[in-house]
Amino acid sequence: MKNIFKFLFVSFIASLLFSCEKDEDRAVIGNVTEGLLRSDKTDLTLAQENADQTAVTLSWDDPSYGPNLALSNQLEIALEGTDFQNAKAVDLAAGSSSISYTVQDFNALLLNAGANAGETEKFELRLKSSAGASIPETYSPVIKMTVKTYALISYLYVPGAYQQWNPATANTLVSATSNGIYVTYIDFTAAGSEFKITVERNWDNSYGTDDNVNLIYNGGGNMKAANAGPQKLSVNLNTKKFTLIPYSMGLVGDATANGWDGPDTRMSWDDANLSWSITTSLAAGNFKFRVNNDWSENYGGSNGSASSGGDNIAVAEAGTYKITFDPFKLSYTVTKQ
């Protein structure tokens, strides 16, 4: 009988402890207070000549989840009015309560968040906090910031068999906003043409591959263009991958020799000026820029400013013209020779 009483007593105590534990869990989860984010500036004009200066300092108070819970914080930045869809998220160091950004770093961060370089735009910032998968995330009140950014272009290079493996004269991969995504256009002279990607115009640091998809920094073998002809090379350093697709730019329209039905009058990539270029005879009429003899990607415009699917570009009189198209700035020139 004594053993039965002992068993019942132990069971009773265990149930009390279990109940207390559950009540404590509910108290921890039920008494969460949100964090607080602050900025020492809310109106900024960023300029490249001040790149190394401090632009802004952000500080925050952690939310309160209760004791014995590990906390992780992220800074989220988005264009105003987007409800933080596709926000740029930055992991904040554990235990920290502030972070300072240089002009260059904050400019790059905003460009990654969707800013249009050179424009004054409104942004929203908030602190996102998490204490584990079983506990809901919390968000601080949003703070607003008005910032004018500047264009920040970065480059990589593509030495390969198509140009005798000389980094000094290799085609240039361009990231127009330094968002980690680079593009160039190469006319490969032969199928199976090999190449690599270098950080500078030398062999000091480079990217290779083992599977012709994923990039390996300072490792791997040569990359390979399976087919000959003009192609668009895209490199994504965020995902460490690259792609090649057939890509030719041309002119189409009644001002060109083949009219609106094409085929297009093909342009050549001018890597020195980072633009497509051609010198050709045009009739009085209209034309547009078109990719791969197909209307799925075409550009028109006016006064030297181009846009996807834009208006026809007028040619007032027949003659020989030099025409350029800049895919990064979306600009063009039409100059009579």
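This is a predicted model: local features need pLDDT of at least 70, side-chain atom pairs count only at pLDDT 80 or more; totals for chains, interfaces and linings use all residues.
## Burial and the overall fold

A residue counts as buried when its relative accessible area is under 20%. Phenylalanine 289 has a relative accessibility of 0%, and therefore counts as buried.

The protein contains two helices and 29 strands. Of its 337 residues, 42% are buried. Its accessible surface comes to about 17,700 Å², and carbon and sulfur atoms account for 50% of that surface. Among contacts between residues at least 6 apart in sequence, 62% join residues at least 24 apart.

## The nonpolar cores

The largest nonpolar core has 29 residues, and those with the most contacts inside it are Leu46, Leu75, Ile77, Phe106 and Leu125. At least two residues of this core come from each of strand 3 (54-61), strand 4 (72-79), strand 5 (88-92), helix 2 (103-112), strand 7 (120-130) and strand 9 (143-148). Helix 2 gives the most, with six residues. Leucine 46 shows how such a residue is surrounded: not counting residues up to four places away in sequence, leucine 46 touches Ala55, Val103, Phe106, Asn107, Leu110, Val147, Lys148, Thr149 and Tyr150. A second, separate core has 24 residues, including Leu251, Met267, Leu282 and Tyr332.

## Helix 2

Helix 2 is mostly covered, with seven of its 10 residues buried. The buried residues in helix 2 are Val103, Phe106, Asn107, Ala108, Leu109, Leu110 and Leu111. In an α-helix there are 3.6 residues a turn, so residues three or four places apart point the same way. After helix 2 comes glycine 114, whose phi is positive, near 110°.

## Two buried polar residues

Glutamate 76 lies in strand 4. With a relative accessible area of 9%, glutamate 76 is buried, because buried means under 20%. Its side chain makes a polar contact with the side chain of arginine 126, at 2.7 Å. Leaving aside neighbours within four places in sequence, glutamate 76 is in contact with Phe84, Ala87, Lys88, Ala89, Glu124, Leu125, Arg126, Lys128 and Tyr139.

Serine 206 is in strand 15 (residues 206-208). Serine 206 is also buried, with a relative accessible area of 9%. Leaving aside neighbours within four places in sequence, serine 206 is in contact with Lys196, Ile197, Thr198, Ile216, Tyr217, Asn218 and Gly219.

## Salt bridges

Side chains of opposite charge can pair when their charged atoms come close. The structure holds nine salt bridges. One of them joins the side chains of glutamate 124 and lysine 144, at 2.7 Å from N to O. Glutamate 124 lies in strand 7 and lysine 144 in strand 9, so this pair ties together parts that are 20 residues apart in sequence. Glutamate 124 is buried, with a relative accessible area of 11%, whereas lysine 144, at 47% relative accessibility, counts as partly exposed.

Aspartate 187 forms a salt bridge with arginine 266, and the closest N and O atoms are 3.8 Å apart. This pair links distant parts of the chain, with aspartate 187 in strand 12 (residues 181-188) and arginine 266 in strand 21 (residues 265-266), 79 residues apart. Aspartate 187 counts as partly exposed, at 46% relative accessibility. Aspartate 264 forms a salt bridge with arginine 290, the closest N and O atoms being 2.7 Å apart. Here the link runs from the loop between strand 20 (249-252) and strand 21, where aspartate 264 lies, to arginine 290 in strand 24 (residues 285-291), 26 residues apart. Both aspartate 264 and arginine 290 are buried. Salt bridges that share partners also join Glu80, Glu124 and Lys144 into one network.

## Aromatic pairs

The structure holds 17 aromatic pairs. The rings of tryptophan 269 and tryptophan 276 have centres 5.4 Å apart and planes at 65°, so this pair is edge-to-face. Tryptophan 269 and tryptophan 276 are both buried. Ring pairs link Tyr185, Tyr247, Trp269, Trp276 and Phe328 into a cluster.

Phenylalanine 289, with which this report began, forms an edge-to-face aromatic pair with phenylalanine 287, at 5.5 Å centre to centre and 85° between the planes. Phenylalanine 287 is buried, with a relative accessible area of 0%, and phenylalanine 289 likewise counts as buried at 0% relative accessibility.

Technical notes: Residues are numbered from 1 along each chain as its sequence is written. Side-chain values use heavy atoms; hydrogens and water are left out. A nonpolar core is a set of buried Ala, Val, Leu, Ile, Met, Phe, Trp, Tyr and Cys residues joined through side-chain atoms within 4.5 Å. Buried means under 20% relative accessible area, exposed over 50%, partly exposed in between (1.4 Å probe, protein chains only). Helices (H or I, at least four residues) and strands (E, at least two) are DSSP runs, numbered from the N terminus. Contact means heavy atoms within 4.5 Å. Accessible areas come from the Shrake-Rupley method with a 1.4 Å probe; for residues, only the protein chains shown count as cover. A polar contact is a pair of N or O atoms within 3.5 Å; within protein, one must be able to donate a hydrogen and the other to accept it, and residues adjacent in sequence count only if both atoms are side-chain atoms. A salt bridge is a side-chain nitrogen of Lys or Arg within 4 Å of a carboxyl oxygen of Asp or Glu. Rings of Phe, Tyr and Trp (its six-membered ring) pair if their centres lie within 6.5 Å; planes under 30 degrees apart count as stacked, over 60 as edge-to-face and the rest as tilted.
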